[in-house]
Amino acid sequence: NGVQSSTDPNPNLTFTNPSNTGNSTFIVEHIVSNGFACSDTVIDTLIVYPKPQAQFTLPSNACAPASITVTNNSQAKAPASYLWTVSSSAVGISNPNGLAPTFSFPDNQSGIDSTYTITLIVTSDDGCLDTTSQSITIYSRPLAGFTVIDTLCGPVLLGVNDQAMGNGLTYSWSINPNAPIINGASAKPTG
């Protein structure tokens, strides 16, 4: 029935607010009596503030350099405040106290993907807070490169030496002005 009672002179009572946005009010009644049928009652009202729920969604993982905007799905008693942080000082945050800031991740051509943790702290109007964190992977951008002898007497069948670096590479080659390319989807085409 939602009513707690105790005969302990110093009970530990639990007051739970199921809302993230509104106050819950409880009436606390303390009755004391002696062995002679004499008693006294004190009634007090207790307000339990809501605990906010920090929650956000991230877009899919991205390739460096990347700018992503989070979607803030938090619930809190208004006016709420927000504090966004990220696990690397190399990442820019457009507005660390904004509702839904944009995060700017640095360029990366190291061949090693970077994982960053984004943290949101939501503080309600009453000073109650909640924190949540999520990770996002920013993939290393491949580094394109090749060598070729750039002055020749033609016609000539010329091989290209691929020097690209990265993981899971695919290739697309073109020649301007248009000329046929043999094995254009490979790392070592000829044309």
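**Close-up views of an all-strand model**

**View 1. Alanine 66 faces phenylalanine 105 across a strand pair.** Alanine 66 stands opposite phenylalanine 105 in β9. This is a predicted model, in which local features need pLDDT of at least 70 and side-chain atom pairs count only at pLDDT 80 or more, while totals for chains, interfaces and linings use all residues. Residues are numbered from 1 along each chain as its sequence is written, and side-chain values use heavy atoms, with hydrogens and water left out. Strands (E, at least two residues) and helices (H or I, at least four) are DSSP runs, numbered from the N terminus. Two strands pair if DSSP finds at least two bridges between them. Four bridges link β5 with strand β9 (residues 102-105), in the antiparallel sense. Both strands belong to an open sheet of three strands, ordered β5-β9-β8, with antiparallel pairing. β5 (66-69) and β8 (92-93) stand at its edges, each with a single partner strand, so one side of each has no neighbour in the sheet.

**View 2. The whole protein is built from strands.** The protein has zero helices and 13 strands. Its C-alpha atoms fill a box of roughly 120 × 25 × 25 Å along the principal axes. The radius of gyration, taken over C-alpha atoms, is 32 Å, whereas a compact globule of 191 residues would have one near 16 Å. That globule rule is 2.2 Å times the number of residues to the power 0.38. Of the 191 residues, 23% are buried. Buried means under 20% relative accessible area, exposed over 50%, and partly exposed in between (1.4 Å probe, protein chains only).

**View 3. Four strands form a second open sheet.** Here the order is β4-β11-β10-β7, with mixed pairing. β4 (62-63) and β7 (81-86) are the edge strands, each with a single partner strand, so one side of each is left without a neighbour in the sheet. Strand β10 (residues 114-123) and strand β11 (residues 129-139) run antiparallel, joined by ten bridges. β7 and β10 are also antiparallel, over six bridges. β10 is mostly covered, with seven of its ten residues buried.

View 4. Leucine 129 in β11 stands opposite threonine 123. Serine 81 stands opposite threonine 123 too. Further pairs can be picked out. Isoleucine 118 has glutamine 134 in β11 as its bridge partner. Tryptophan 84 has leucine 120 in β10 as its bridge partner.

**View 5. β7 shows a covered face and an uncovered one.** Tyr82, Trp84 and Val86 make up the covered face. Ser81, Leu83 and Thr85 make up the uncovered face. In a regular strand the side chains alternate between the two faces of the sheet.

**View 6. Serine 124 sits in the loop between β10 and β11.** Five residues separate the strands of this hairpin, and glycine 127 takes a positive phi near 90 degrees. Is serine 124 in that loop buried or exposed? Serine 124 is buried, with a relative accessible area of 5%. Leaving out residues up to four places away in sequence, serine 124 touches Pro50, Pro52, Lys77, Pro79 and Ala80. Contact means heavy atoms within 4.5 Å.

**View 7. Alanine 62 lies in edge strand β4****.** Alanine 62 is buried, with a relative accessible area of 17%. Neighbours within four places in sequence aside, alanine 62 is in contact with Thr137, Ile138 and Tyr139. Phenylalanine 103 is 41 residues from alanine 62 along the chain, and their C-alpha atoms are separated by 12 Å.

**View 8. Surface and charge complete the set.** The protein has an accessible surface of about 12,500 Å², and carbon and sulfur atoms hold 52% of this. The area comes from the Shrake-Rupley method with a 1.4 Å probe. There are 4 positive and 11 negative side chains, and the centres of the two sets lie 16 Å apart. Lys and Arg count as positive and Asp and Glu as negative, with His and the chain ends not counted. Each charge is placed at NZ of Lys, CZ of Arg, CG of Asp or CD of Glu.
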